[in-house]
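This briefing sets out selected features of the structure shown below.

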Amino acid sequence: MSIHDDAVQTFTPRDFHRQAHDALGNPQIRANFRKAMDGLMTKRRDSFGDWDLETLRELGANIRMRALAKLPELLEQLEANCEANGIHVHWAEDGEEACRIIRELCEARGAKAVIKGKSMVSEEMHLNEHLEAAGIEALESDLGEYLVQLNQQTPSHIIMPAIHLNTDEISDIMHHKTGTERTRDVDYMTAAARSQLRERFMAADVGISGVNFAVAETGTLCLVENEGNGRMTTTVPPMHIAVTGIEKVVEHLRDVPPLYALLSRSATGQHVTTYFNMISGPRKEQEHDGPEAVHLVLVDNGRSRIYQDDELLDTLRCIRCGACMNHCPVYTRVGGHTYGTTYPGPIGSILMPHMLGLEDTKDLPSASSLCGACGEVCPVKIPIPDLLVRLRREAVGEGRGNVPGAGVKRNKKEVAAWKSFQWLATHPGAWRRGTAMAGKLNMLMPSNLGPWTDHRTAPKPAKTTLHALIKRHRKQRSDA
Amino acid sequence: MSARDAIFKRLRERTDGPLTPPACDFSVVTNRGWSRAERLEHFERLITSVHGEVIHTTSDDWTRRLAEVLAAKSIKRLALGREHPVAAEAREALKASDVELVDVDRDIETWQREQFERVDAGMTSTGGGIAETGSLWLWPTPDEPRLISLVPPIHIAVLDAESVEDTFFDMIEAHGWAQGMPTNALLISGPSKTADIEQTLAYGVHGPRELVVLLRYAAAQVASA
Ligand code: SF4
């Protein structure tokens, strides 16, 4: 994590426990996240002030459910309307294919320099590495992403990528990598980044962005942002490539205002973002700026598999606001990198197992106390805790078996133990004899019960069972 | 099978069967029932809360206020359109001033560096405003291209009080946006900003650091405004 280390630290979901342990022992990380999350929670609450939040969430959830219910038709409509508007549409089964499509589009133009607006889907498919390997430089232009990229890291939050860094650390990074003065003056650092990036915007051959909502009815790509780098990315370079997941489509233009209202308030507690950018085509004949060519790459990458299952389907409603992580007591303590996945926090824990398989991500659905905060704040009412439980069941082979890696956590001894418990609990006579015996033998109870006793003392069965106590109590009362 | 066909096949042959789309009730995002005064009060309060500046003026006095803004902010080179009445009136009014008027109806390739480095402010008309969020609605045209409201350090926008709607939803419905969208449509709410450095707000990170709205009332209505 240290910016002075030249070795870049990498994180993987397989090492969740070790990474969580390290993060918990890092006071800087904990302080940075605590401060940021507290601020975001307060701002969100205040921003919904006079709104009927529950009715709005209901509408948001219904709009997303309607879009999913009609997904194949809407994707077809989106494609047809985009093409009619002059936006070329491409389809990719997975991240690798999407990377290849984008690289080939860049190569066909002889592009050497790509400037990027924030796109989590491009992070999901490791687009930057792919382009660099082909000799194409990909530079992030969102200030947070730019800083994270300078520091050779990945985003630790889906909305605020550099939230794990504080002002001093950022000042150091900019000083080391770009030669700015060491300072705590945020305006100075922002102005420096502005002028550094302006040169790069002018020089870029291609701009690559994500999409927040793709409107089927009009063939419009909507982008939400505050900085203006998204507008720069989609307007200045001669070619714009937008990349997004197939679930981002909505049916009507009128579906957008409620989702936008929910997104900006849930994400950063703003009543509105600075820019809402709606793109419906490349530069027209008489127009004087904007890209000559616009491409839309629609990526599946596991989404159509999630789509098959009535319960898992809810995962695809997500509008990527980040509120679930801001309110998650686990995320706040361990930070975003600990998860080792593109999407951290609750949404990551219900999404990444489908993308990476449960073999690699089996610890993520368990990285939750099921306190329910995520489900309560989710603007589109995704029942995140239920989905976490469902994935836990899948991981131990007790679900439908339709998640990659299902059953990876299944443990014969554990299954046998629960089977016996189930039998005991449904046979009262055996139960009473067993618990009485356990009470008598309580000295033999081991004090080390694996992970359970790492931070707790082992339970000791009482000498007299509750059943016996009640019996005695009743007897005393009737005797009296 | 192409990726497209494979994806569509999976979506169409869904394991758990077809889904029923729920009904959507949009009443929560419309029907604010604000009076004209309330609407404008909302608009001003919201846009100033995000660092936008609002100057009240009238349709026959606004160019005088524009000149004041230009002087106060030491704007020497102003980029603006030519045909839109807002641009035409401003050009006429500033003819004799020492502010240099920069033409924007040229292909960006021919003047990109000039636009990025040597324009003090860009001025545009607006299609309307949104009271609830304090937003401006812009549909860039060949006369007023996309980058004019983004690249120069100051954006001056001219907004007619009559064109302010209550909500974003109302705006889309009232103007029939779904019938046909332009190449680029924008909502702008305040100057460019970031909080990426430890949640500290900073303005002008990529776009303008200042947004000035000249809010024009019809000359006869100024007394009631
Ligand atoms: S799951 Fe809900 S709260 Fe979390 S990012 Fe998605 S929309 Fe936001």
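In this predicted model, strand E2 (residues 113-116) of chain A and E4(A) run parallel and are joined by 3 bridges. Within that pairing, Val114(A) has Val206(A) in E4(A) as its bridge partner.

- Strand E4(A) comprises residues 206-209, and all of them are buried.
- Val206(A) and Ile208(A) point one way from E4(A), whereas Gly207(A) and Ser209(A) point the other way.
- E4(A) is also joined to strand E7 (residues 239-245) of chain A, by 4 bridges, and these two strands run parallel.
- In this pairing, Ile208(A) is placed opposite Ile241(A) of E7(A).

**The open sheet of chain A**

- Six strands of chain A form an open sheet in the order E1-E10-E7-E4-E2-E3, with parallel pairing.
- Strands E1 (87-92) and E3 (137-140) of chain A stand at the edges; each has a single partner strand, so one side of each lacks a neighbour in the sheet.
- From one strand to the next, the twist averages 25°.
- At one end of the order, E1(A) pairs with strand E10 (residues 293-299) of chain A in the parallel sense, over 6 bridges.

**Overall dimensions and content of chain A**

- Chain A contains 22 helices and 10 strands.
- Of its 480 residues, 58% count as buried.
- Taken along the principal axes, the C-alpha atoms of chain A fill a box of roughly 100 × 55 × 45 Å.

**Cysteines and disulfides**

- A disulfide is a covalent bond joining the sulfur atoms of two cysteines.
- The count of disulfides over all chains is 0, the cut-off being a sulfur-to-sulfur separation within 2.5 Å.
- For Cys82(A), the closest cysteine sulfur belongs to Cys222(A) and lies 11 Å away, which is too far for a bond.
- Cys82(A) is buried, with a relative accessible area of 0%.
- Cys324(A) is likewise buried, with a relative accessible area of 8%.

**The ligand surroundings**

- Cys324(A) is one of the residues around the ligand.
- By class, the shell consists of 10 nonpolar residues, 1 polar residue and 1 charged residue.

**Strand E7 of chain B**

- Strand E7 (residues 154-160) of chain B is mostly covered, with 6 of its 7 residues buried.
- Strand E4 (residues 121-125) of chain B runs parallel to E7(B) and is joined to it by 5 bridges.
- Ala121(B) stands opposite Ile154(B) of E7(B).
- E7(B) is joined by 7 bridges to strand E12 (residues 210-217) of chain B, and these strands also run parallel.
- Here Ile156(B) is placed opposite Val212(B) in E12(B).

**Confidence of the prediction**

- The predictor assigns the complex an ipTM of 0.96 and a pTM of 0.93.
- Chain B has an average pLDDT of 96, and 97% of its residues score at least 70.
- Where pLDDT is low, predicted coordinates should not be read in detail.

Definitions and conventions: Residues numbered from 1 in each chain as written. Chains lettered and ligands numbered in written order. Predicted model: local features only at pLDDT ≥ 70, side-chain atom pairs only at ≥ 80, totals over all residues. Heavy atoms only, no water. Buried < 20%, exposed > 50% of the residue type's maximum accessible area, 1.4 Å probe, protein only. Pairing = 2+ DSSP bridges. Near = heavy atom within 4 Å. Nonpolar A, V, L, I, M, F, W, Y, C, P; charged D, E, K, R; others polar. pLDDT = per-residue confidence, 0-100. Axes fitted to C-alpha atoms, helices over the stretch in contact; angles between N-to-C directions.
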